Amino acid sequence: QEHFRSGNGSMARFVKQEHFRSGNGSMARFVKQEHFRSGNGRNEIGEAETEEEAIAFASGVAGCVGFSRRGKSVFAYRRRGEIATKESLGWDPKEAGWEWYDRVFDSQDLEAIKTRRLAALAVTEAELDTSLRHEDLLEDFRAMQAALREGGALEGKDQLDDADKTKQADQFAIVDDFFKFCDMRPVLDPIFSKRVEGEWINCDSATWRETWLNPFECLGEEEAACLPPPQLDEWHEPTYDCYCSSGTQDPAFIALQTGASLEDIKKLFKEPTDLLRWQVDGVDGDHQSLVYVALVGQVRNNQTQGNQYNRQVLDYLLSLSPKYFMQQMTMPAGGYTNVSPLCAVLRQAEQASGILAVIQWMCKSGVMTETLFTHCESRTGWGGEEQRQLPEQKKLGIRTKTWTSAAQIARESGTTPGMADVIAELDRWDSLTAFEKRRLNEERFEDLLAPALPKKMVSLTANSASVECFGIAGELIATIELDQGADSVWLIGQIADALGVGKDDVRVVTSKGQLLQQAPAVPLSECSL
């Protein structure tokens, strides 16, 4: 694998191929131009010894409208881009050996794209899946259709200028993107964003902008609504570039990184808002929240401070503000690795004893949630298969599809001494029933989740004639005799009556760890009691 760093600072990942693709066997026609294009849009990179091999490679890239070539390097583009000049680039691509080849579209190409373009323009907003009808996504839908209408308006024109040719070429990629968009069933997450400027930052500025996944999503909509997204405008202004070691580092970060005593930590952190801090990464863009630094710092300091120290410091920070602590648990770093705090902890494999201490604290204290465990790492870092850009004006972003769990990440370092114990702890937590995981979360965050929690939590043990109901501490609350043909609504009502509370104030969990729903009613014979 090779990495290519593109002009906007992001890094796309490519795999070097030993062969060159020719698509369906046909070879597209490309013409070498005197001008050079910047080739915006997604691209693929390959190698070619000859011009013919370069054209064969570009022909095999879906939607390719042009390619640039220098020596053995070939970049195939799906969008045509602006003409790049010596003045606009600050260097002359021709003098540097680069050549640009425009694709020439024949009548068959244009007729085929016309058919697809008309089909795309026939799609109405009402026909879209409900998951696509958010205003942010409808803006994209409308913009693509508007661009396709501009492409259609070129038909019948005798002469096309360069701008027209760009619209004609780009409609191939736009049509592909349009139908992929219509097939999506996206999950939308809120975007957090903050730009900071200063001479102490590499390149004088940095932006932390990413989507945020609610760690309580696994508990239900009402529980997730108890934790709002982070608002970086309310945070302390960062003053330090952790990559370049430039600026003035916040004493709070120094204390967490160097293993300050619990007493000193308490002097630095007195108010909930004291947790709202971050450090800039001015090179890779992997910014660090205070919780990120606290967890990784405890891992690295574990061998000298001992496990008890870790638990006390982390317990104190969590107790100071469960809200702000948990907000930061799912804030991706935003750059080259784009790791979450949990993923950053697991990547410290050389400090396995420290990892184990932090993971045990998370799993036993109720901080670990199913959402955190499952969505530990995405592939959205620079060069990742799902690398993306989040437009400035958007408030919601599409959730990436591919995720790696905490256990999977730990297993990647399974041969490292001590990591077997980490894997065992993660597997132990993963094997808990849904009821037990929920109990741990609700006990730890009882105050934060209070608006969504029922007054009573009941678990069931059933036989053929009756159901025994147990409280959260394991005490027997009631025994309900089963009627033939009874359903879930009837059973919940019987339990509520026995407890003297309303139906909405009781939550019933089966012995299989499943939540018994009030609606729609399900026959008990079909429930896994």
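Two strands are said to pair if DSSP finds at least two bridges between them. In this predicted model, strand 10 (residues 188-197) meets that condition with strand 17, because the two are joined in the antiparallel sense over three bridges. One of the residues involved is L188, whose bridge partner in strand 17 is I398.

This pairing belongs to an open sheet of three strands, ordered 11-10-17 and antiparallel in its pairing. Strand 11 (205-211) and strand 17 (396-398) form the edges, each pairing on one side only. From one strand to the next, the twist averages 35°. Strands of a sheet pair through backbone hydrogen bonds.

Charged side chains provide a second kind of contact. Side chains of opposite charge can pair when their charged atoms come close. The whole structure contains 38 salt bridges, including those in the table.

| Salt bridge | Closest N and O atoms |
|---|---|
| E51 with K32 | 3.9 Å |
| E155 with K114 | 3.7 Å |
| E197 with R195 | 3.2 Å |

E155 is partly exposed at 42% relative accessibility, and K114 is partly exposed at 26%.

E197, by contrast, has a relative accessibility of 60% and therefore counts as exposed. Elsewhere, salt bridges that share partners join R37, R80, D102 and D162 into one network.

How values were computed: Residues numbered from 1 in each chain as written. Predicted model: local features only at pLDDT ≥ 70, side-chain atom pairs only at ≥ 80, totals over all residues. Heavy atoms only, no water. Helix = DSSP H or I, 4+ residues; strand = E, 2+ residues; numbered from the N terminus. Axes fitted to C-alpha atoms, helices over the stretch in contact; angles between N-to-C directions. Salt bridge = Lys/Arg side-chain N within 4 Å of Asp/Glu carboxyl O. Buried < 20%, exposed > 50% of the residue type's maximum accessible area, 1.4 Å probe, protein only.
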